Amino acid sequence: MTATTARPRGVTRFALTINAVLVFVFFYAPIAILTLFSFSDDRLVGRWGGFTLGWYRDFAANDEVQDALWVSVRVAIVSTIVSVVLGTLAALALERFRFRGQRVFDAVLYLPIIIPDVTMAVMMLLFFAQGIDLVNDMFGTSFRKGVGTVTLSHIAFNISFVSVVVRARLAGMSQVLEEAALDLYASRWKTFRHITLPQIMPGIVGGALLALTLSLDDVVITQFVAGPGSTTLPVYVFSLIRKGVTPLINAVSVVMLVASIILVLLSLLADRVRTSGS
Amino acid sequence: MNPRTLLRLLAGLVSLTLVAAACGDDSDGADGGDGGGTTCEVGEVDGDLALYNWAEYLDPDLVTAFEEEFGVSVVEDTYDSNEAMQPIISAGNSGYDLIVPSDYMVSILIESGDLMAIQKDAVPNLANLLPEFASGLPFDPDATYSAPYQWGTTGFGVDLAVTGDDVPQTWGLVFDPALREQYGLNGAFTLLNDPRETLGAALKYLGYSLNTTSDEELAEAKALVSEAAGSIAAFDSDQYDELLVSGNSALAHGFSGNFLTQFGGADNPDQYTYFVPEEGGTRWVDNMAVVVDAPHPCTAHAFMNFLLDAENGAALTNWNYYASPNEAAQPFIDAEVLEDPIVYPEDTSQLEFISDTGDFEINFSDAFIEAVG
């Protein structure tokens with residue numbers, strides 16, 4: 001590291017502090033308000049009506065919300081695991097090897113990040129509508145749209161995001177250690193397992209968290225590729241809007257928020273344990 | 001990558017797409033034929049039901065009752081608008097058996113060949129429908145593809161604390177500046193953000209049909225909406241009922257059932273009322289329809305018949321507070337629902353269904369966009 005550090009002084013320091021505070025208020029005030037109103041004893045989403053835990057009880061008793069949450073979690077976990085493996089492999093391939101078609105592969109890999117959600121959703125819809133027909137006709141199977149197609153499409157867009165994050169980590173990493181290991185007769189696999197993988201782990205964890213969040217979040221693509229029985233939580237919440245939003249939605253959001261905070265804390269903790277161990 | 005490889009790749013992709021498209025078309029045709037060819041007996045089921053419906057529109061107890069009676073399970077997924085449902089059904093292979101599109105969407109789906117003709121022999125309870133719903137609906141005149149599910153109206157939700165109890169039941173409350181002023185509605189009313197509904201309201205106020213295809217009549221309606229836009233609080237189709245009950249507006253244009261639910265949760269339900277102005281307004285109906293490539297068409301017919309049963313139809317209305325098209329169900333509907341003029345308007349003679357005006361539809365959209373400004 002050759003970066004020089006200097007403390008900001010005077011007006012600069014003051015301005016930066018104010019800016020930082022404002023940014024945090026901007027980020028967290030809506031979340032604080034959402035959390036507060038999830039305890040509001042009023043059917044209207046934005047009116048305070050005294051403290052209640054009723055919306056959390058409703059959440060615990062509402063089968064539809066829970067089914068949707070369960071679908072969301074399943075899809076998110078499977079699509080995260082698969083896309084982390086494939087995305088990391090893609091990042092390694094692009095960063096460490098030269099092969100024919102690399103430039104095209106590179107460009108194509110990032111398409112899902114650039115293409116608008118709706119466009120991607122319609123493409124996926126047509127792909128599955130036609131593709132399932134084709135496969136069923138050719139192999140006599142009876143595939144249907146459902147949790148499987150939702151998971152596949154989440155994997156499809158998550159791979160791009162994971163590989164971007166992992167690749168950034170790889171690009172900033174010196175290859176000296178890897179070369180040293182190879183010089184000392186470590187096999188390719190051993191080098192990867194003991195040298196490369198630990199170094200890119202923060203990138204992989206970051207990519208995984210990003211993939212998990214994106215998958216839990218997605219409405220547009222999911223709505224288009226879903227089939228019977230694969231309504232995810234955000235899609236269900238979205239369909240409720242017509243009927244008026246109640247603080248039940250706030251309660252659901254807070255539960256999901258707490259779950260993701262726990263996930264982030266766990267990943268930080270895992271990171272800390274590992275670094276202090278080595 | 002060298003150009004040759006790229007070309008090869010492209011050629012491969014193109015041929016794959018073509019093959020996929022060709023196969024898709026083939027089997028689409030076959031599916032349609034199959035669906036038409038299967039005949040279902042009354043109460044016959046051929047697998048679990050996949051239902052695609054509006055959120056909170058079907059009593060869960062009815063689902064359980066159906067599952068127990070027929071020994072199949074029901075998977076229900078929900079959508080928030082006709083427009084969100086339509087592309088999924090039209091792309092094919094949706095996996096859904098039964099859907100609940102609104103009036104105008106039924107004609108769109110029929111036109112694109114996405115609905116299966118109902119096998120009326122398998123649905124004897126169609127006889128329970130009120131004559132006006134049994135046939136002659138503008139979107140499906142012979143009731144070939146659809147059977148009514150529930151209906152309702154579009155009108156005004158009013159905060160009587162602002163307007164007073166003597167408020168006249170007229171569209172003039174928004175379209176007549178003098179009335180607007182008199183009842184304290186300037187800047188305090190919302191209209192639906194929907195070309196057909198809002199221009200339709202203006203057309204009714206002027207005494208025209210809301211399905212007009214006359215440029216002059218539409219221009220008059222557009223001028224009214226444009227004038228009203230000058231003192232409107234919002235054009236809103238999602239939260240108008242909440243804005244009203246939370247005191248952010250005093251009058252809202254919207255759908256009957258939403259107001260009823262919202263008033264029920266308000267601190268003082270008597271403070272609010274709903275009516276369809278005396279000049280008339282829109283009446284809408286949601287319908288059950290079997291998807292052309294439904295995996296389980298017979299279960300879909302069995303479910304349709306089940307919901308059209310007198311007691312089940314009544315249970316549906318008692319649960320979601322929308323009016324039932326089922327004549328036989330009336331004795332079983334709670335008196336308070338049946339006698340509620342919000343659910344069942346006393347005079348339906350002035351109400352019209354929005355029908356598809358075909359190529360003229362674009363004029364409604366254009367006029368609305370210009371009027372909203």
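## A buried lysine in chain A

A residue counts as buried here when its relative accessible area is under 20%. Keep that in mind for Lys145(A) in this predicted model: Lys145(A) is buried, yet it makes no salt bridge. Look for the nearest side chain of opposite charge and you land on Asp293(B), 8.9 Å away.

Where does Lys145(A) sit in chain A? It's in the loop between α6 (117-139) and α7 (147-171). Setting aside neighbours within four places in sequence, Lys145(A) touches residues of chain A including Leu125(A), Phe128(A), Ile132(A) and Phe224(A). Its contacts also include Val225(A), Ala226(A), Gly227(A) and Pro228(A). From chain B, Ile88(B), Asn93(B) and Ser94(B) join in.

## Chain B as a whole

Chain B carries 16 helices and eleven strands. Its C-alpha trace spans about 70 × 65 × 35 Å along the principal axes. A compact globule of 373 residues would have a radius of gyration near 21 Å, so the 23 Å of chain B agrees with that.

Buried residues make up 55% of the 373 residues in chain B. Of the chain B contacts with a separation of 6 or more, 74% are between residues 24 or more positions apart.

Now for a local piece of chain B: strand β1 (residues 49-54) pairs with strand β2 (residues 74-79) in the parallel sense, over six bridges. Within this pair, Asn53(B) stands opposite Thr78(B) of β2(B).

Terms used
Residues numbered from 1 in each chain as written. Chains lettered and ligands numbered in written order. Predicted model: local features only at pLDDT ≥ 70, side-chain atom pairs only at ≥ 80, totals over all residues. Heavy atoms only, no water. Pairing = 2+ DSSP bridges. Helix = DSSP H or I, 4+ residues; strand = E, 2+ residues; numbered from the N terminus. Buried < 20%, exposed > 50% of the residue type's maximum accessible area, 1.4 Å probe, protein only. Lys, Arg positive; Asp, Glu negative; His and termini not counted. Salt bridge = Lys/Arg side-chain N within 4 Å of Asp/Glu carboxyl O. Contact = heavy atoms within 4.5 Å. Rg over C-alpha atoms; globule rule 2.2 N^0.38 Å.
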